Every structure is written in C-alpha cells, then in structure tokens.
Amino acid sequence: MSFVSPLFLWLFMPATLLTYWILPRRHRNAVVAAASLIFYAWGAGPHTLLLSSAMAVNYGAGLALGSARLRDRPRAHRGVLLATVGWNLAVLAVWKYAGFASEQIDAVAGALGLGHSPIVTLALPIGISFFTFHHLSYVVDVYRGSTPAQRSPVRFITYIGMFPQLVAGPIVRYHEIAGQLGDVPRDRLGDLAAGFPRFALGLAKKVIVADSLAPVADAAFAHAGGPINTPTAWLGASAYTLQIYFDFSGYSDMAVGLGLMFGLRLPENFDRPYSAYSVTDFWRRWHTSLSRWFRDYVYIPLGGNRGGAAKTHRNLLVVFVLCGFWHGADWTFLVWGLYHGALLVAERLLGWDRPPGTAQVLALRRGVTLLLVTVGWVFFRAESMTEAWGVLRAMFTWRPGELDEFVAFAANHQRMAVFALALAVVALPASPALGPLIQAGRGPAAVRLARAAVTWVAAPYAAALVAAGTFSPFLYYQF
C-alpha cells in the first residue's frame, strides 16, 4: 500500500484517523500498531512474518540487555548485543545481498572456467533496510544505557512498525520518540491542523512534481546502454536529480505529517540539500536521519576524527561505502557511495568543507556542489556501470544531436513547465525549509498563503491525479 494510492488516501488513512479520534487516548499505540501491521501486510504479504520475527527477537533482546542481572555480567551482556546485532545483519544480508553475492560468485567461477553456480533469487522485503536500522539502534542504545528497554510490546511495535515511517523513513532512534509513546495529553485537533498541511505538501511534491519528471528521466536512462547524445544525457540526469529529491522529500513530508496527526513528532529528514555549498554540507541536509545514524553507530565507534587525518579519511570512506551498499546491492551503489566519500575527503584536504566567505563564492560553490551531486545520481539511477559511464561520457564529451524521440515525447510542455518550476525552487535561498513553515502555519503572510495553497489547491489537484491513476511508487520503496 502506498501513501499515494486511492486505497490509502480514501480508506486506510481516514479510517485509522477516525479510530484514533474515537477511542480514548490510552489506545493510541494499539491503533497505530494494528494499523501498521495491516499496512505492511497489505504490501508485503508473507514478509510480514519476517518483520514480526525481527520485532520479537529485538524486543526480547532489549529486555535482556536492559536487565540489571545481565548488566552485572559484562561478557554475557556484550555477547547478547553481538548476537542480536549479528542476527539483524544476517537477516539483512540474506534478503538483500544474497542474490548479488551469488551473481559475483557465478561470474568469477565462469571467468575461471569452473562452470556456473546457482543464483539466489529472493524478493526484497519492503522497508527491510529501515526497520533493520531501527532495531540496531534500539538494541545498541539499550546496551549503552542511554535509554531504558521498552517493556510494552504494543509500544515497541508502535515504534518499529509505525506505518508513517516503516517503509522509507525517516530513521527514528528510540530515544527520539520514547517519551511520546506514553499516555500523555494530546491536542488532537491541533495535531491534525499542523499535520495535514505537511502531508498535503508531500503529496503535492510527489504526485505533481516527481511523477511528472519520472517519465523524462526514465526515457533518457532507458537508452543509456547504447549511443546517447549530450542533450539527452543532461536532460535525463537533471530530471532524475529533481525527481529523487521531490519524491523522497515528499515522502518524508508525508511521513512527518502523518506522524503528527497521530501525536508523534518524527525527526526532519531534509533541509534544502540542493542549496548546499559543499558535498559535506549536502550530507548535513540530505536524508539527515540516515547521516546521523551512520555518524553515531559507525563513524564515531570507528574513531571519528579523533585519530588524525588519515584515520578520519578512512572512516569517512568506510561510512560511505556502507551507505552506498545500504541503498542497494549493486556495483553502481558501491561506486556512488565511494564517490561521495572521496569528495568528502577531498573537501577536508582542500578546506572546502567550511562555509564560503562571500555571496559570489557561495553562489559558485552551490553550483559546483549541485553539479557534483548530479554526477553522483547518474551512478545511483543507472541499471549498470556500463549505462552510468555511457551517460557520463555523453554529458562531458560533446555528442551533438536532437533529443531521442521517446525522450522528446516524454518531455512535453507540461512536464517541462514542472521541470522549470522545480529548478526555480532549487535556486531559492538555503533557508528556511518550507516543510516546517507549512506545518507551523505561522509567520509572514506569504507562508500562510503557501500553506493555504498547498492544502486547498495543490493537494486536491494531486488527489485528482491519483484518482486518474497517474501516480507511481516511491523511489525509496526499493531500498
């Protein structure tokens, strides 16, 4: 089930909200937990058993790690943590990476003349990367003593399975939401008034902008395996750069808005990333919940920046290689992660990770950063390294020609108008981010006007497009 499907918009969401409003507030967690399991089962089917098993294992591990009796036995305490972390990583590795690993083994065996080995084919459970990271952060935090274990199974299911963020984030650490899971007073009307406009903003970004750009990017990359000219390559890369931002940030806006309508304040996930003055700054603004997760559970445990420049650079590269593979089991994702890690190391060496001193330099740095990020998205979007190199060669080696006929057909006047509007949004100042302003509903008249336009114009138009069947799945559903 998708946030942009008629079933969700006109049945599941209203029914769940109505149930939440009717029942006493002490039943809020039960409503969200039950709705979340139904939501996941609707889209994931048998994989719901995998999610349920993972929640059961980590719930029990949390109770064990939080017990005073086990804390008095440090070796056993650490052993339970390592076993739980190993189990979570093994589940992720089998379901997400076994197929990729078997393909590499088969390729090596074939190259050595040893014949072919079996290829493992497993359907990827939706959201597995996200709920695995939630489980890992939970058990590590309980082990560290930075948060107590959750004793209520209903509240634990609410935390892990919370349908607004279950499939594609933001990644919520337990300590960020633990205090909200209790039976605390709630302003339901106020939460609805703040949450719905934020949800409406995300719906408009996804359906009106991202889904309009998707056919252009898809048509361009569909021909990337063969000869592709420079205009087609640049249009495809630029369209995808805009598409993935409006698609994923739109999902995050919808998740934050949905959470708020149920009295749950989820962390922000985007802060105008294409306004960044460096790739370092980009990662402070893009998918920030993932960046914080890797910082706290990988980068800092590796030593962070405490061991000198060489170790800092090594740690950055390790983090971004893992970040790339977290997104997908393919060489393109590995190269994308390594590319960003190398850029961060280069910026540290050159001092470009610090803010520029003048407005002119800031504008130049923003342009260069956006260019570097766009190049990275080519690896992220391409189906293979061959496709990625084909697009990049066409982008940076002049190959004249008109747009491919399929790309030209996809790039109609309406979509190019949306493309221009999206580019204009990217060119706005780096702050403030629109989402929190729309949610708060306070400030200058322009903010209130934007909130009204999103709620009463853009969202109904997006809903009409959904009813017409023009929506597509969220890009991050595949991760």
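I looked up the contacts of Thr 147 (contact: heavy atoms within 4.5 Å). Leaving aside neighbours within four places in sequence, Thr 147 touches Asp 141, Val 142, Tyr 174 and His 175. The model is predicted, so I kept its limits in mind: local features need pLDDT of at least 70, side-chain atom pairs count only at pLDDT 80 or more, and totals for chains, interfaces and linings use all residues. Residues are numbered from 1 along each chain as its sequence is written, and side-chain values use heavy atoms, with hydrogens and water left out.

Next, where does Thr 147 sit? I found Thr 147 in the loop between helix H6 (128–144) and helix H7 (153–161). Helices here are DSSP runs of H or I, at least four residues, numbered from the N terminus. Thr 147 is buried, at 6% relative accessible area (buried: under 20%, 1.4 Å probe, protein chains only).

Then I turned to H14 (residues 331–350) and H15 (residues 359–381). Their axes, lines fitted to C-alpha atoms over the stretch in contact, lie 8 Å apart at an angle of about 160°. H14 and H15 are therefore roughly antiparallel (angle over 145 degrees, taken between N-to-C directions on a scale from 0 to 180). The contact includes Trp 336 and Tyr 339 of H14 and Trp 377 and Phe 380 of H15.

Last, I checked the UniProt record. Its unreviewed entry places "transmembrane region" at spans including 6–23 and 316–339; such annotations may be inferred rather than shown by experiment. Residues 6–23 are 94% helix, with end C-alpha atoms 25 Å apart. Residues 316–339 are 88% helix, with end C-alpha atoms 11 Å apart.

How values were computed
Helix = DSSP H or I, 4+ residues; strand = E, 2+ residues; numbered from the N terminus. Buried < 20%, exposed > 50% of the residue type's maximum accessible area, 1.4 Å probe, protein only. Parallel < 35°, antiparallel > 145°, perpendicular 65-115°, else oblique.
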